[in-house]
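I have my notebook open and a structure to read. Here is what I looked up, one entry at a time.

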Amino acid sequence: QAQLVESGGGLVQPGGSLRLSCAASGIIFDFNTMAWYRQSPGKERELVADISRIGTINYADSVKGRFTISRDNAKITIYLQMNSLSPEDTAVYYCNADLTTNRGRHDYWGQGTQVIVSS
């Protein structure tokens, strides 16, 4: 079994920055693509950015040039550096990971971390 634990959310003013972290723990034999999603009230969960094991990265158009995803394979951890935040970025941010554990290969989700962009 494995779990993902996010941290780094909070309240920030428009134009500010936040850095989210997501660490995987448990009996993990292998790991592949890891990603950040977000969900705002009344909206569907959407992909923000993902990063493959070899470092291939995809961003949602709405965050290109402002957000940067990175990963530390040794720690099985990903990060999301968010700059130039706007109220439209307000959402619960979820970490997602494709992990192989002692129970096989599964998709895992974190519990979510709230980001509020407001003056």
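**Entry 1: Arg66**

I began with Arg66, which I found in the loop between β6 (57-59) and β7 (67-72). I kept in mind that this is a predicted model.

Is Arg66 buried or exposed? I looked up its relative accessible area and read 18%. The cut-off for buried is under 20%, so I wrote Arg66 down as buried.

Next I wanted its contacts. Leaving out residues up to four places away in sequence, I listed Gln81, Met82, Asn83, Ser84, Leu85, Ser86 and Asp89 as touching Arg66. I picked Gln81 from that list and checked two separations: Arg66 and Gln81 are 15 residues apart in sequence, and their C-alpha atoms are 8.2 Å apart in space.

Which backbone oxygen lies 2.9 Å from a polar atom of the Arg66 side chain? I found that it belongs to Ser62.

**Entry 2: Thr113**

I moved on to Thr113 and placed it in strand β11, residues 113-117. Its relative accessibility is 11%, so I counted Thr113 as buried.

Setting aside neighbours within four places in sequence, I noted that Thr113 is in contact with Glu6, Gly8, Gly9, Leu20, Ala91, Val92 and Tyr93. Gly9 came up again when I looked at polar atoms: its backbone nitrogen lies 3.2 Å from a polar atom of the Thr113 side chain.

**Entry 3: Tyr94**

Tyr94 sits in strand β9, which covers residues 91-101. I read a relative accessible area of 15% for Tyr94, so this residue is buried.

I made a longer note on its contacts. Not counting residues up to four places away in sequence, Tyr94 touches Glu6, Ala35, Trp36, Tyr37, Gln39, Arg45, Trp109, Gly110, Gln111 and Gly112. How many residues along the chain lie between the positions of Tyr94 and Tyr37, and what separates their C-alpha atoms? I found them 57 residues apart along the chain, with 5.1 Å between the C-alpha atoms.

**Entry 4: Ser21**

I found Ser21 in strand β3, residues 18-26. With a relative accessible area of 18%, Ser21 is buried.

Apart from neighbours within four places in sequence, Ser21 is in contact with Val5, Glu6, Ser7, Trp36, Ile78 and Tyr79.

**Entry 5: The whole protein**

Then I stepped back. I counted 0 helices and 11 strands. The radius of gyration is 14 Å, close to the 14 Å that the globule rule gives for 119 residues, so I noted the protein as being as compact as a globular protein of that length. Along its principal axes, the C-alpha trace spans about 45 × 25 × 20 Å.

How much of the protein is buried? I read that buried residues make up 44% of the 119 residues. The accessible surface comes to about 6200 Å², and 48% of that surface belongs to carbon and sulfur atoms.

I also looked at how contacts reach along the chain. Among contacts between residues at least 6 apart in sequence, 56% join residues at least 24 apart.

I noted 11 positive and 11 negative charges, with their mean positions 4 Å apart.

Definitions and conventions:
Residues are numbered from 1 along each chain as its sequence is written. This is a predicted model: local features need pLDDT of at least 70, side-chain atom pairs count only at pLDDT 80 or more; totals for chains, interfaces and linings use all residues. Side-chain values use heavy atoms; hydrogens and water are left out. Helices (H or I, at least four residues) and strands (E, at least two) are DSSP runs, numbered from the N terminus. Buried means under 20% relative accessible area, exposed over 50%, partly exposed in between (1.4 Å probe, protein chains only). Contact means heavy atoms within 4.5 Å. A polar contact is a pair of N or O atoms within 3.5 Å; within protein, one must be able to donate a hydrogen and the other to accept it, and residues adjacent in sequence count only if both atoms are side-chain atoms. The radius of gyration is taken over C-alpha atoms; the globule rule is 2.2 Å times the number of residues to the power 0.38. Accessible areas come from the Shrake-Rupley method with a 1.4 Å probe; for residues, only the protein chains shown count as cover. Lys and Arg count as positive and Asp and Glu as negative; His and the chain ends are not counted. The place of a charge is taken as NZ of Lys, CZ of Arg, CG of Asp or CD of Glu.
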